[in-house]
Structures are given as C-alpha cells and as structure tokens.
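Keep the viewer open as you read.

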Amino acid sequence: MMKNLLLFLTAYLILLSSCSPKAEVAGELSLIRVDPSDVTEYYDLANDVEEEYDFVELETLDTCLIDNIDIVVFQNDHYYVYDGNGSTVFLFDTAGRFVSKLFKQGQGPDEYIRLDGFALKDSTIWVVDPMTGYMIAYDSRFKMIDRIDMKETILPDHLDFIGDTMLVATNWWGSKKSNIQFGMYHVKSKRMEGLLSVGERPANAILYSKASQMAISGNSCLFDLSHCDTIFELKDGVFAPRYKMAFTERYEDIHLTEEEYFDISKKYLIRGIEDIKQTKNAVWLGFYNNRIFNSAVYNKESKTTQVYSAFINSNISSKLEILQHRTYMDRNNEILVSIHNVEDVLAAFKTDESISKIKNEVMRKKIKAIVSGLAEDANPLLLKQKIRKDAKL
C-alpha cells in the first residue's frame, strides 16, 4: 500500500509540473517532438506485415445492421464488433458470418441504458453503462455474471486488460472529487486501485471523448491524459510519467467552451492526442491537424518522429487508407485489424486495373468477388493482417 501511495504521489507531482505551460522536460521522460507541418503522405506497411492477409466482409442482415464500429477485437477466432451508437456488441466468425450479439438495452437488473466502454477477457464481455454508473460482465451466452457500481470511483469509457487486472480510464470528470481518471480494477478481489485523480475543470468547459486513451503492448500500458503533454506508463505494477509531447507549432490542448470547440476560425489548432497505440518499437499518436486526422509515429530506438496522413499496404492497394483510430492491434503485436467503409473499398478497387495490382493471387480473386457483389448499404469490411516479428512499425 505504501509503495503504491509513493508511486501515486510521485506521478502526481510530476504531472503538476509537466502539465504547466512553462514546464521543462523532466529528466527521466523521453521527448516526443512532433512537427505537424512536416507530413509524409503514407506509411507503407508492406514490409511490416506478412504477405498473407484476410479481407472480411461482415454479413449484413436485419439482425446485425451496424451503425458505426467504435472498437473491433479479434479473439477466440471471432471478431467482436462494438457499436457504441447502437449500444451493441456483435460477434462474427472468421469468415464474417454473423453469430450473435449482446443487446440488452433496458432498465432491468441485467440490462444497460447505454454503452460507453467495452473490453474482452477470455470469453467474458465487460461493458460500461454511463447512465447508471455500472460496469457489467456477461459470459459467452450473454448471461450477466457481475455488476459493479462505479459511481464513487470512476465513470470509465475505456477498458482493457493486462493479465487478470482490468485497466479503466475516462476522459470525463467524475461527479465527486474522489473520482479517478485512470486505475486498476482487480477482478478477483473486486477492488479498485486509483492511479490518477480527476483534475480541475472549468464549469463551462465541454466534455468530449477520445478514440482511445490507452495503448497496451506486452506488459506495458501507455495512458494519454487530456489537457496534458505527459504520457504515463503502467508497467510491472509501476505507474509513472514516461513521455513528454512537444508539438513544434499550433498546439493548444486546453479546456474549451462549446463555442470555442466549434469555432471554425481555430481549426488549425491542435487540441491534443485523440488516439494512442504502441508496438514493441513505436508509439502512434493520432491527432487532428487542420481537422484532418494524422498519425505521428515515434520510433523508440532512434527517438525520432514522423507524421503521416495515413497507413497503406502497397501490396494490396495504395488507395485503401488504413486510419489509426480505425484499427485494432492485439497486445502481443501479432494482429492488425483495420475497419473500412463500403465506399472506401469500392473506390480503392473500382477498376480491373486496381484489382490486378493486388499481389496475392488468392486475395485478388476474393476481393474481386467481394467488390462485384458489394451493396452500398452493407456493413463495413475488415482487413486483418499479421505483423511480422521483425516489423519496424
């Protein structure tokens, strides 16, 4: 307990200094310097992934119409598709065939009003209902097996696991001063351990969510705190500041009123990190650059950063963009799954010439068959790629 308290106090004191506009780089923090005006069009994944991949057409039925995919997880030989707008988790098999769905919207003892968070541990699905403040666990048959009141500690909108420990994070501010923004929930003992408290927020500041605040690779979890230039790391039970971000221009990640947030004259300003991912070799920082989503890739070894407009795999198509905030990467950095809307797929493979450039003959035939029968109102498609062990990304 004393060790965790000391770690928390150390992190909190560094947080206070590192989030000050006049703060210098802390000695133990690695600096991630980002030049938002130096943008390379694409990062080509062709040399970082295996030649074999899968292009998955998610079955479109009246029982599985997807409004928007917020999170996709590939586990247990199934795709778990979380649709926040529809408060639903869909299950599809490896071929994209619809299997079942978790949809229990209501006010019953095993129901939720709305979903705003999703995580998977083995075959157990964990979700968060922000309207009631409960975190609920369902088994593989969608039977409720646990229901935890989180209102006194945190209203999480991001969940994930390292081992048997659930990591919980929120971009919101709690209703109580005791609420936390990042912590560990020990599932077996049903104990919440707070690692970072809720900060101050002006009364007229709006609340808005990020695509992701946590990035797990192996036993490391990076946490991106809103309105702060410090990225924290939880590793081997130790929580401490790890990186300091430094945008070379136009950076202003501060609390905003609704009028300021939607002020078109300030669209050029960079309002902080919207999505974070990490691999063994790199940290990906997604941000809006003149309201266009870009990715800054920081190489951990060379300690250099380059900004890209998107990712592609030239062995598949130079026209099919892979956007950071629409991808899933497993914690072992073995699988990369990207989400693609129908219109983007049709645009990338609209001609025989574009399809002929696909190097894998089997996939060339499969993608041609998919595109030829693809309806404009069909569900999004998934591209699953295997990351090479010697990948540099």
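Asp-160 and Arg-331 form a salt bridge, with their closest N and O atoms 3.0 Å apart. The pair links distant parts of the chain: Asp-160 sits in strand β12 (residues 158–162), while Arg-331 is in the loop between β25 (327–329) and β26 (335–340), 171 residues apart. A salt bridge here is a side-chain nitrogen of Lys or Arg within 4 Å of a carboxyl oxygen of Asp or Glu. Helices (H or I, at least four residues) and strands (E, at least two) are DSSP runs, numbered from the N terminus.

Some ground rules before going on. This is a predicted model, so local features need pLDDT of at least 70 and side-chain atom pairs count only at pLDDT 80 or more, though totals for chains, interfaces and linings use all residues. Residues are numbered from 1 along each chain as its sequence is written, and side-chain values use heavy atoms, with hydrogens and water left out.

Back to that pair: is it buried or exposed? Asp-160 is partly exposed at a relative accessible area of 25%, and Arg-331 is partly exposed too, at 28%. The cut-offs are under 20% relative accessible area for buried, over 50% for exposed, and partly exposed in between (1.4 Å probe, protein chains only).

How many salt bridges are there by this rule? The count comes to 16. In general, side chains of opposite charge can pair when their charged atoms come close. One of the bridges joins Arg-97 to Asp-93, with 2.9 Å between the closest N and O atoms. Its two partners fall into separate classes: Arg-97 counts as exposed because its relative accessibility is 51%, whereas Asp-93, at 14%, counts as buried. Another bridge brings together the side chains of Asp-390 and Arg-388, at 2.9 Å from N to O. There, Asp-390 is partly exposed at 47%, and Arg-388 is partly exposed at 30%. Salt bridges can also chain up, and Lys-121, Asp-164 and Lys-188 are linked in a network of them.

Now the rings. The structure holds 17 aromatic pairs. In one of these, Phe-55 and Phe-349 have ring centres 6.3 Å apart and planes at 85 degrees, so the pair is edge-to-face. Phe-55 belongs to strand β3 (residues 49–57) and Phe-349 to the loop between α3 (342–348) and α4 (352–356), so this contact ties together parts that are 294 residues apart in sequence. Both Phe-55 and Phe-349 are buried.

For contrast in geometry, look at Trp-284 and Phe-311: their ring centres are 4.4 Å apart and their planes are at 20 degrees, so the pair is stacked. Trp-284 lies in strand β21 (residues 282–289) and Phe-311 in strand β23 (residues 304–313), so the parts they tie together are 27 residues apart in sequence. Trp-284 is buried, with a relative accessible area of 1%, and Phe-311 counts as buried at 1%. The rule behind all this: rings of Phe, Tyr and Trp (its six-membered ring) pair if their centres lie within 6.5 Å, with planes under 30 degrees apart counted as stacked, over 60 as edge-to-face and the rest as tilted. Ring pairs also link Tyr-43, Trp-284, Tyr-308 and Phe-311 into a cluster.

Charges and rings meet as well. Arg-147 lies over the face of Tyr-134, 3.7 Å from the ring centre, and the charged end of Lys-101 sits over the ring of Phe-103, 5.9 Å from its centre. To qualify, NZ of Lys or CZ of Arg must be within 6 Å of the ring centre and within 35 degrees of the ring normal.

What about the cysteines? The structure holds 0 disulfides (pairs of cysteine sulfur atoms within 2.5 Å). Cys-221 is in none, and the nearest cysteine sulfur, that of Cys-228, is 15 Å away. Cys-221 counts as buried at 1% relative accessibility, and Cys-64 counts as buried at 0%.

Finally, zoom out. The protein chain has 5 helices and 27 strands, and buried residues make up 50% of its 393 residues. Its C-alpha trace spans about 60 × 50 × 45 Å along the principal axes.
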